[in-house]
Amino acid sequence: MAGSGHELKLLGTWASPFALRVKLALGFKVLSYEDVEEDLRNKSDLLLSSNPVHEKVPVLIHNGKPICESQIIVQYIDEAFVGTGPSLLPADPYERAIARFWAAYVDDKLLASWLQSFRGKTEEEKAEGLKQTLAAVEHMEAAFKEFSKGKPFFGGDSVGYLDVTLGALVAWVHAGEKLYGFRLFDATRSPLLNAWVERFGALDAAKAVLPEADRLVDYAKMRQADAAAAASNN
Ligand SMILES: N[C@@H](CCC(=O)N[C@@H](CS)C(=O)NCC(=O)O)C(=O)O
């Protein structure tokens, strides 16, 4: 699908920020692929055999070989398709290392605490999640300033690895605001990232991939209702 000699198949779900990350990378690299929508309540044999350790999406299957974990997949795409579309990771090894550091921070700190701020079991857990989210946003705002050097993206004039990593959350920033009245990046706390959210979301490759916020809101409400029903049955 990607071009001569390459067959790419992505196992994902439309709402998964991790699968969206891979779709963004494939889009920016202008690689065609087969998009396989998984049902996570009834995972396919292909998903279970391709990612037997975590049994999670996304999985990219390149010429029959599976690659798991969204950040590793994006790095793989960049390395396996050098010269196809723009490079996402910086060329300089030190800058690559720093970009990977911040990409890990997005998942380990920013996303984890943001999820805790609305999924925490108690009000205390949620408050702690929010506190940590705000601290992580402050760090990300400073990282954006350092990477972008006054230009529009983490990658400078064009999108790079961190734009793809964080860009997967853009649709969820809008959905989260509608659901919880809290905007992850706002004009007061993080003006640079607030503007970046709009700039990134306006890119054709992002618009082609990122779902509408209202669709995510309906999906999140459905998942919350499922979780509440499961809890009351236990
Ligand atoms: N660290 C993983 C996270 C992937 C992940 O959490 N995927 C979720 C969907 S958003 C999943 O497949 N969940 C299914 C399950 O937990 O059974 C990555 O970056 O790819």
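Residues are numbered from 1 along each chain as its sequence is written, and side-chain values use heavy atoms, with hydrogens and water left out. Because the model is predicted, local features need pLDDT of at least 70 and side-chain atom pairs count only at pLDDT 80 or more, while totals for chains, interfaces and linings use all residues.

Side chains of opposite charge can pair when their charged atoms come close. A salt bridge was taken as a side-chain nitrogen of Lys or Arg within 4 Å of a carboxyl oxygen of Asp or Glu. The whole structure contains 15 salt bridges. One of them joins K9 to E34, with 4.0 Å between the closest N and O atoms. This pair links distant parts of the chain: K9 belongs to strand β1 (residues 8–12) and E34 to strand β2 (residues 34–37), 25 residues apart. Helices (H or I, at least four residues) and strands (E, at least two) are DSSP runs, numbered from the N terminus.

Accessibility was classed with a 1.4 Å probe on protein chains only: buried is under 20% relative accessible area, exposed is over 50%, and partly exposed lies in between. K9 is partly exposed at 24%. E34 falls in the partly exposed class at 36%.

R183 takes part in two of the listed contacts between charged side chains. Its salt bridge with E198 has an N to O distance of 2.9 Å. E198 lies in helix α8 (residues 191–201), whereas R183 sits in the loop between α7 (170–180) and α8, so the pair, 15 residues apart, links distant parts of the chain. E198 is partly exposed, with 42% relative accessibility. R183 also forms a salt bridge with E177, at 3.1 Å from N to O. R183 is buried at 13%, whereas E177 is partly exposed at 34%. Elsewhere, salt bridges with shared partners join E79, R96 and R100 into one network.

An unreviewed UniProt entry annotates residues 92–229 as "domain: GST C-terminal". UniProt positions are given in the numbering used here, feature names are shortened, and annotations may be inferred rather than shown by experiment. Over residues 92–229 the chain is 75% helix and 0% strand. The end C-alpha atoms of this stretch are 51 Å apart.

K126 lies in helix α5 (residues 123–148). K126 is partly exposed, at 25% relative accessible area. Its contacts (heavy atoms within 4.5 Å) include Q116, S117, F118 and G120, leaving aside residues up to four places away in sequence. W114 is 12 residues from K126 in sequence, and their C-alpha atoms are 9.0 Å apart.
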